[in-house]
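Open the model in your viewer and colour it by chain. Then follow the stops below, one selection at a time.

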Amino acid sequence: MKLTTMTQVTVDGVMQGNGGATDEDRRSGFERGGWAMGVFDNETATFITQTYQRADAFLFGRKTYELFAGYWGAIEEMRAHPIGVALDETPKYVASTTLTDPQWADTTLLSGDLAAAIGELKAKPGGELQVHGSGALIRWLLENDLVDEITLLIVPVVLGQGTRLFPDAGPDIALDLVDSRADSKGVTIQVYRPNGRPQYAE
Amino acid sequence: MPAAGLLGVAARPSVTSCDNEAVWLDADEFDEPAGVASARTVWVAGDDSAERRVSSQTLREWLPQRALAPFVSCVWVQRLEAGSDSYLQRTAPDGSVELVCEAGQPLKFGRRTYEIFAGYWGVMPDPENNPIAGPFNTRPKYVASTTLTDPQWADRTVLSGDVAAAIGELKAKPAGELQVHGSGSLVRWLVDNHLVDEITLLTYPVVIGQGTRLIPATGPDTALDLVDSRATPTGVTIQVYRPTGRPQHVTATPTPST
């Protein structure tokens, strides 16, 4: 399976709080949540739904897993939404050293050698292992060269606070742009594939 | 008058590649490029040292000489400091050279960028025939600085007192475009003070993992309208945004993902 990520980010690269600030967010001083609410046009919303529907497996970090489980996995109308259905019916893997008893059906806890476990999943022929949300996990995956494709949904706002997808100090990665478009409400969708380390001019 | 920033947000990977659609010409290969004759698009990339060879004169003489002018879309990405400043120009099908965001109006710089530009665009040979140096040298230049006392570049004014008032006066003029290039500190100050009318971002397909960001980690929040978006064949995306005031933040239940 190829490992793909889909991340909603602001123009300043923030990924925290796209759907709203959680209590945990607020305790850490983040108060500008909800910046991705209602910003997508119908075509983009359909693209997001279809992305979830084509997944062969999902991989989550602990925070996003718990958020999704309490939302897509728990609220009846969300469970009935096509994204809720896709999440429910598809194998889910959660990378966590603290979670012990994941409640959502068809969840496998990856708590040991994460790189080896993900390597095994990626070695399976065909298919797509998708990561949504899960910022800390994505940063770890990028550091370990495990990401095959990055989809960014760039929301036209500068947030001025919050955790960014790409850390201030981290690996450098050359990218191939494989798709780029803008929706009717100003969201741009960029699809990149990591392509080794960049070269620099002297 | 709108103040537009033409801002490179990351560095260009220095690559040379060739396919049937496009040819990347690295600086070292510019004089002896391969595969150009069959290419529909020629991309010329130069870094600081290469720029002298990839001059507008070269573009005018070299490209038509190979009967490529009708097919040439030439992007010249020039980097003065790693990751800090990039400029883009293209050769139109009729052979004329145009600058993205060129508006033929006053240019504005922060002190650091001004000093770099003045020592570079200001002293190059045959500047009037260079599509970037020409405008830079002949149009009024304003430098925001409290330390620069004796700018050497022609037709320049140092704004060192009430910069907001001085820029307000410039913006109050009835038309035209006051451009900011590079000048990260200045751009952040202008954004903080709601003085920017349009932002052009050239986003390069690379994650750098270090360096100063255009937009600080902590700062004002701003809603934007996307007014233009396109991608070049080499994977640079160009987005033009206009600030439209503060965004509305939802305080209701978190609704992840959609």
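This is a predicted model: local features need pLDDT of at least 70, side-chain atom pairs count only at pLDDT 80 or more; totals for chains, interfaces and linings use all residues.

**Stop 1**

Select chain A and chain B together. The contact takes 49 residues from chain A and 41 residues from chain B. How much area is buried between chain B and chain A? The figure is about 3800 Å², and carbon and sulfur atoms give 57% of that area.

**Stop 2: a salt bridge**

Now show side chains. Pick Asp168(A) and Arg213(B). Their side chains meet in a salt bridge, at 3.0 Å from N to O. Across the interface of chain B and chain A, the rule finds two salt bridges. Twelve residue pairs are in polar contact across this interface, with both residues at pLDDT 80 or more.

**Stop 3: the side of chain B**

Stay on chain B. Which elements give two or more residues to the side that touches chain A? Select β12 (198–203), β13 (206–207), β14 (222–231) and β15 (237–243) of chain B. The most comes from β14(B), with six residues. Colour this side of chain B by residue type: 19 residues are nonpolar, 17 are polar and five are charged.

**Stop 4: strands across the interface**

Zoom in on Ile173(A). Opposite Ile173(A) stands Val207(B), in β13(B).

**Stop 5: the sheet**

Zoom out to follow the strands. Nine of them form an open sheet with mixed pairing. Trace the order: β4(A)-β3(A)-β2(A)-β5(A)-β1(A)-β6(A)-β9(A)-β8(A)-β13(B). Where are the edges? They are β4 (107–110) of chain A and β13 of chain B, each of which pairs on one side only.

Next, select strand β6 (residues 149–155) and strand β9 (residues 188–194) of chain A. They pair in the antiparallel sense over five bridges. Look at Leu153(A): the bridge partner of Leu153(A) in β9(A) is Ile189(A).

**Stop 6: helices on the sheet**

Select helix α3 (residues 62–69) of chain A. Helix α3 packs on the sheet and touches β2 (57–61), β3 (92–95), β4 and β5 (128–132) of chain A. The direction of α3 makes about 115° with that of β2(A).

Finish with helix α7 (residues 135–143) of chain A. This helix lies across β1 (2–10), β2, β3, β5, β6 and β8 of chain A. Helix α7 runs at about 105° to β2(A).

Methods:
Residues are numbered from 1 along each chain as its sequence is written. Chains are lettered from A and ligands numbered from 1 in the order in which they are written. Side-chain values use heavy atoms; hydrogens and water are left out. Contact means heavy atoms within 4.5 Å. Buried area is the accessible area (1.4 Å probe) that two parts lose on being put together, summed over both. A salt bridge is a side-chain nitrogen of Lys or Arg within 4 Å of a carboxyl oxygen of Asp or Glu. A polar contact is a pair of N or O atoms within 3.5 Å; within protein, one must be able to donate a hydrogen and the other to accept it, and residues adjacent in sequence count only if both atoms are side-chain atoms. Helices (H or I, at least four residues) and strands (E, at least two) are DSSP runs, numbered from the N terminus. Ala, Val, Leu, Ile, Met, Phe, Trp, Tyr, Cys and Pro count as nonpolar, Asp, Glu, Lys and Arg as charged, and the others, Gly among them, as polar. Two strands pair if DSSP finds at least two bridges between them. Axes are lines fitted to C-alpha atoms, for helices over the stretch in contact, and angles run from 0 to 180 degrees between N-to-C directions.
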